[in-house]
Amino acid sequence: MWPFVRKKWEKLGSVWTATGLTLLLTTRAEEVWLRDTDYRAVPLKDFQALMWNCRPQPLETYRAEIFDCDDAAGCFEADMRREWAKRSHGNEALAFGYIEACTPAGVRHAFIWQLDTAGKLTYIEPQNNSVIQWLPTQILLMEG
């Protein structure tokens, strides 16, 4: 995957410990599950370049319960983690993960959270790589 081989990822961005990242995330969620010890936060534009190449291919016809938002976010997370592990040459996990939350309309939705180098959380749709313009009203699960 070309974005992984063209940059020195281990020197890009900033490192966050799981403790520091948990403190940041718990201001937003009741339930946070971080699997690793250290995380690398990269600029949003670089993350979106990686995301564009790891995004799951949608089914020809949308079918809830078969491949909807939670399935797309889960597949993206698995693919991105695999590619990051193979090609990053770093010691840290990438600072992103799966999030399930309520929209302002009260609908449950699954998407991706990403931490940039300034410590800003961005929420991204895994189906089309677009930044979500609304803030979650209730975060149900956040993992990374």
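Me: Is D79 buried or partly exposed?

Reply: D79 counts as partly exposed, because its relative accessibility is 26%. Buried means under 20% relative accessible area and exposed means over 50%, with partly exposed in between (1.4 Å probe, protein chains only). Before we go on, this is a predicted model: local features need pLDDT of at least 70, side-chain atom pairs count only at pLDDT 80 or more, and totals for chains, interfaces and linings use all residues. Residues are numbered from 1 along each chain as its sequence is written, and side-chain values use heavy atoms, with hydrogens and water left out.

Me: Which side chain does D79 meet in a salt bridge?

Reply: Start with the general idea. Side chains of opposite charge can pair when their charged atoms come close. The term salt bridge is used here for a side-chain nitrogen of Lys or Arg within 4 Å of a carboxyl oxygen of Asp or Glu. D79 meets the side chain of R82, at 2.5 Å from N to O. Both residues lie in helix α4, three residues apart, about one turn of the helix. Helices (H or I, at least four residues) and strands (E, at least two) are DSSP runs, numbered from the N terminus. R82 is partly exposed, with a relative accessible area of 45%.

Me: Which other pair in helix α4 is three residues apart?

Reply: Look at E83 and K86, again about one turn of the helix. Their side chains meet in a salt bridge of 3.4 Å, N to O. E83 counts as buried, at 9% relative accessibility.

Me: How many salt bridges does a search of the whole structure find?

Reply: The search finds seven. One of them joins the side chains of R35 and E143, at 3.2 Å from N to O. This pair links distant parts of the chain: R35 sits in the loop between β2 (32-33) and β3, E143 sits in strand β8, and 108 residues separate them. R35 is partly exposed, with a relative accessible area of 40%, whereas E143 is buried, at 11%.

Me: Which residues are linked with R35 and E143 in a network of salt bridges?

Reply: E77 and R81 are linked with them in that network.

Me: What does E143 touch?

Reply: Contact means heavy atoms within 4.5 Å. Not counting residues up to four places away in sequence, E143 touches W33, R35, E77, F96, G97, Y98 and W113.

Me: How many residues does the largest nonpolar core have?

Reply: A nonpolar core is a set of buried Ala, Val, Leu, Ile, Met, Phe, Trp, Tyr and Cys residues joined through side-chain atoms within 4.5 Å. The largest one has 17 residues, and those with the most contacts inside it are Y39, I99, W113, L115, Y123 and M142. The elements giving two or more residues to this core are α2 (18-26), β3 (38-41), β5 (96-102), β6 (108-115), β7 (121-124) and β8 (138-143). β6 gives the most, with three residues. A second, separate core of 15 residues includes F47, L94, A110 and I124.

Me: Which residues is Y39 in contact with?

Reply: Leaving aside neighbours within four places in sequence, the contacts of Y39 include S14, V15, W16, L21, L34, L94 and G144.

Me: Where does G90 lie?

Reply: G90 lies in the loop between α4 (69-87) and β4 (93-94). G90 is partly exposed, with a relative accessible area of 28%. G90 and R40 are 50 residues apart in sequence and 8.6 Å apart in space, C-alpha to C-alpha.
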